[in-house]
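This report walks through one structure, taking its helices, its sheets and the surroundings of its ligand in turn. Please keep the sequence and the model at hand while reading.

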Amino acid sequence: MINLREAGCADNQALSDLEMACPQGKDVKLLLEREDFFARSKMYERAHTFVAEEEGKVVGVISCAFKDVNLNGATLKANYIYDLRVHPDFRRRGIATKLVDAVEILARENSVDFGYGFIVDDNTAPRKLLVKKGFSVKRRFELPTIQISRKRKVQKVEVKLAQSRENIARVSEVLSEYYRNYSFFISESEDKYFDRVSKMNSEGVFYAEGDGGFATVSILDYSKIFNICVLDLPITLKLMGFLSYIIRPFLSFPNVPKKGGTIKQWYLFDVGFSEKEGEFLFQELLDYVNNLAVDKGIDCLVCAIDTGNPAHKILSKRALVKLQGEIIMKPYTKSVPNKITKVYLDVRDL
Ligand SMILES: CC(C)(COP(=O)(O)OP(=O)(O)OC[C@H]1O[C@@H](n2cnc3c(N)ncnc32)[C@H](O)[C@@H]1OP(=O)(O)O)[C@@H](O)C(=O)NCCC(=O)NCCS
């Protein structure tokens, strides 16, 4: 018989083992190695994890985080659903359905307006499951992945690390303006913004200024949360990996992921720039971050971004791989609009 309960620290090893039994994706097949299963949840102010057990063995898990987000101008309470896994030997027995029910009951008890999740395109099982549970696709997003190869020249721009309250306040002000009309944007005070970024093991908030223009990008080192192991790749990437192995000693060629290897990646988040001069400054910032990544032995930079975001065009041009996915939502109250505009993607959610 399946028993559901809220998870605690004592479940960490069982949950990390469960994760290792649950590869994700079809073309790009990945496994997440997690020392602290709860590290991801610790980035949120309020998160819950439920486990499903059969005869004392943990066979399924789900997590959810409550947060306030903007949706078409109104602030609503959202429940982000993540880390849904069921051990392969226990699938198609309704366990994931029961886990989703548990987080939905909790959400309704806490007057949450809607639930949402992200699903990468080739992951059909969770999409079918959530659609069956009443979720629907609301918007698509992209994950441009920039492979790191060599250092780039950063021209005339001085890139700074925002550390003081004053600098952080300036970044937060630019981002509030940039994402003013984006769904899911979290408008918060500078202090709250600072706290949120500090809680996230961020590698730093970087910005560049010049001639009245401004651009910013922040970095999250996800290897502090999990290591990504590559179980399988599409043939195109396998060929590129082979080519890279031959060419790299002689020429600059991006480091392509290999089957059996691990990927060290930095997530870029809170990207934004002013209309005037901003695009040039943003390009320079990306070159600067590229150089930092070379120094730190990082394989690639990833950014989850709405394709309508002006920064998308720039990131996409530099990217070798562009996975796509869907934002899937379910309203619990009448305040939730049916259509949503361009989306701000919270890096903690990915
Ligand atoms: C997705 C996952 C959690 C589903 O767990 P599960 O316990 O097997 O799901 P359920 O038994 O509750 O399935 C409910 C419904 O979802 C759909 N579904 C589940 N797995 C499916 C699959 N492999 N293919 C197609 N539909 C599927 C079906 O409609 C199913 O109803 P049915 O069995 O009556 O046809 C599990 O496959 C898993 O852990 N996958 C790997 C991790 C992952 O991808 N997590 C999601 C990240 S976004």
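Helices here are DSSP runs of H or I with at least four residues, strands are runs of E with at least two, and both are numbered from the N terminus. This is a predicted model, in which local features need pLDDT of at least 70 and side-chain atom pairs count only at pLDDT 80 or more, while totals for chains, interfaces and linings use all residues. Residues are numbered from 1 along each chain as its sequence is written.

The axes of helix H7 (residues 278-296) and helix H8 (residues 310-318) come within 11 Å and cross at roughly 40 degrees, where axes are lines fitted to C-alpha atoms, for helices over the stretch in contact, and angles run from 0 to 180 degrees between N-to-C directions. H7 and H8 are therefore oblique to each other, since angles under 35 degrees count as roughly parallel, over 145 as roughly antiparallel, 65 to 115 as roughly perpendicular and the rest as oblique. Glu279, Phe282, Gln283 and Leu286 of H7 meet Ala311, Ile314 and Arg318 of H8 in this contact, residues being in contact if their C-beta atoms, placed from the backbone, lie within 7 Å.

## Helices H4 and H5

Helix H4 (residues 165-178) packs against helix H5 (residues 190-199) at an angle of about 100 degrees, with the axes 9 Å apart, which makes H4 roughly perpendicular to H5. The contact is formed by Arg165, Ile168, Ala169 and Ser172 of H4 together with Glu190, Tyr193 and Phe194 of H5.

Another open sheet has three strands in the order S2-S11-S12, with antiparallel pairing. Strand S2 (29-33) and strand S12 (262-263) stand at the edges, each with a single partner strand, so one side of each has no neighbour in the sheet. Strand S11 (residues 227-232) is joined to S12 by two bridges, and Cys229 stands opposite Thr262 in S12.

## Around the ligand

The ligand is surrounded by 20 residues, and the closest are Arg91, Ala96, Thr97, Ala125 and Leu129; a residue is near a molecule if its C-beta atom, placed from the backbone, lies within 6 Å of it. Strand S5 (74-86), helix H2 (95-109) and helix H3 (124-132) are the elements that give two or more residues to this shell, with H3 giving the most, six residues.

Technical notes:
Two residues are in contact if their C-beta atoms, placed from the backbone, lie within 7 Å. Two strands pair if DSSP finds at least two bridges between them.
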